[in-house]
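Here's a quick briefing to read alongside the sequence and the 3D view. Have both open before you start.

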Amino acid sequence: MSFAKPKAQLTRGQVLSQSWPIMLANAAAPIVGLVDTFVIGRYASTAALAGIGLGAVIYGIVYWGFGFLRMSTTGLVAQSDGEGDEGAVQAHLVRAVPIGMVIGLFILAVQAILLPAAFMIYTASPEIETAAKTYISARLWGLPATLASIVLIGWFVGISRSHRALYMQIVLNVVNAALSLYFVVALGWGLYGVGIASAIAEWAGLAAGLVIAGREIAKRGGFNKAALTAKALLDPDALRKLGITNGNIFIRTMALTVGFNFFGNAAASEGETFLASNHILMQFITMTALVLDAFAHTAEAVTGAAFGAKNKARFDRAVRLTSEFSALFAGLAGAIIMLGGPFVIQILTKDPAVIDTAMIYLPYCALVPVLGFAAYQMDGIFIGTTQTRAMRNAGIASVILYLGAHHILQPRFGPHGLWAAFLVYYVARAAMLGLYYPAITRQMKAIK
């Protein structure tokens with residue numbers, strides 16, 4: 001039997017306490033790519049560094065393309081937690097982890113078909129393409145663990161146990177940093193070394209996450225045997241809802257992936273130096289975006305729980321408090337990029353031309369969190385309430401607006417127009433979701 005668990009009014013302290021572990025875990029996630037960039041940038045050629053940049057873009061299609069596994073898990077779990085249905089909380093996890101593993105194994109098995117197709121889309125020199133293939137092929141060995149891990153992360157966020165996800169990332173990054181340096185510096189494995197180090201680290205992170213999840217379930221009263229039977233896990237209504245939720249988020253994510261990879265492909269067409277510098281700037285954007293996503297993830301959990309409990313007052317407060325923190329940290333992130341960016345750029349590469357090019361476009365990079373935080377927050381609210389149809393439609397509309405802006409601005413202003421259109425993309429994402437926001441509040445029934 002399900003029942004809504006009464007909860008105290010959400011406070012700023014609670015928002016911050018739920019967000020900072022996600023912030024650290026999210027900030028730690030791209031450290032895998034940052035470590036790879038550092039090791040290759042210091043111990044290999046500019047072509048190898050550009051190859052990692054292109055390889056990371058292509059690998060990101062898979063990683064972010066199947067991000068619906070985390071998003072759907074978070075939203076569904078948060079709502080079940082708000083309703084007080086512990087059996088459903090556990091069932092969502094047990095359904096989704098195997099799905100992630102199977103998808104990863106399938107992609108690993110058919111990479112001989114997928115990789116040539118990917119390089120038919122992206123434009124790069126033969127040397128850069130060879131480097132990218134080497135890196136991606138090694139990293140794909142960790143993909144099944146990666147996709148299963150994002151399910152675990154989504155589950156931890158959904159039950160407001162975000163610090164558990166942080167523990168997973170700590171294990172992953174410690175293993176990756178140690179193995180990357182060993183494989184490249186000591187063994188001389190180059191690009192393959194950093195790729196296989198990342199793959200091994202993903203499996204280590206998954207193992208840690210499964211152990212942590214088991215302990216968390218034990219603390220919540222133990223495994224619910226009735227909810228974990230084959231009949232319960234294969235419940236048609238639950239599977240239908242999971243399928244619709246995942247399908248809509250997948251289409252939305254693919255639309256966003258088209259946008260981000262269009263940006264990456266456009267950067268590749270500007271030449272090796274611009275691509276290498278752009279890869280470094282994208283590390284800043286990825287780091288700050290994932291920091292801001294901490295408040296979006298918290299919004300997923302707290303708005304999802306309020307939505308499941310049908311408590312509009314609690315929902316409105318969750319939206320307001322998480323958005324306040326997001327706006328504050330967006331301003332801080334932009335300032336840090338402008339002030340600390342030049343120092344970090346010179347750490348990540350020794351190539352003078354790459355350094356100079358990255359410095360030219362650094363201001364655009366600093367504007368991304370300032371103009372983009374609203375897009376992250378709206379994503380969090382819509383994921384928590386599983387308003388996936390609206391997310392799908394808004395995702396498609398925003399990428400169309402971005403492509404239009406690019407084809408207007410880039411021919412006239414060159415690389416500056418390329419970056420300006422990218423900023424338009426963030427604004428369009430928030431604006432399109434904003435059109436659907438009133439529909440969420442109409443579904444809420446306030447409980448006094």
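Leaving aside its neighbours within four places in sequence, which residues is L143 in contact with? They are Y59, V62, G104 and I107, where contact means heavy atoms within 4.5 Å.

Before going further, a word on where this comes from. This is a predicted model, in which local features need pLDDT of at least 70 and side-chain atom pairs count only at pLDDT 80 or more, while totals for chains, interfaces and linings use all residues. Residues are numbered from 1 along each chain as its sequence is written, and side-chain values use heavy atoms, with hydrogens and water left out.

**The whole protein**

- The protein has 18 helices and 0 strands; these are DSSP runs numbered from the N terminus (helices are H or I, at least four residues; strands are E, at least two).
- Its radius of gyration is 21 Å, close to the 22 Å that the globule rule gives for 448 residues, so the protein is as compact as a globular protein of that length. That radius is taken over C-alpha atoms, and the rule is 2.2 Å times the number of residues to the power 0.38.
- The C-alpha trace spans about 65 × 45 × 40 Å along the principal axes.
- Of the 448 residues, 56% are buried (under 20% relative accessible area; exposed is over 50%, partly exposed in between, with a 1.4 Å probe and protein chains only).
- Among contacts with a separation of 6 or more, 86% come from residues 24 or more positions apart.

**Helices α8 and α9**

- Helix α8 covers residues 143–158 and helix α9 covers residues 162–186; they pack at an angle of about 150 degrees, with their axes 7 Å apart. The axes are lines fitted to C-alpha atoms, for helices over the stretch in contact, and angles run from 0 to 180 degrees between N-to-C directions.
- α8 and α9 are therefore roughly antiparallel to each other (over 145 degrees; under 35 is roughly parallel, 65 to 115 roughly perpendicular, the rest oblique).
- On the α8 side the contact uses S149, L152, I153 and F156, and on the α9 side S162, R164, A165, M168 and Q169.

- L143 lies in helix α8, and at 0% relative accessibility L143 counts as buried.
- N311 sits in the loop between α13 (272–308) and α14 (312–348), and N311 is buried, with a relative accessible area of 17%.
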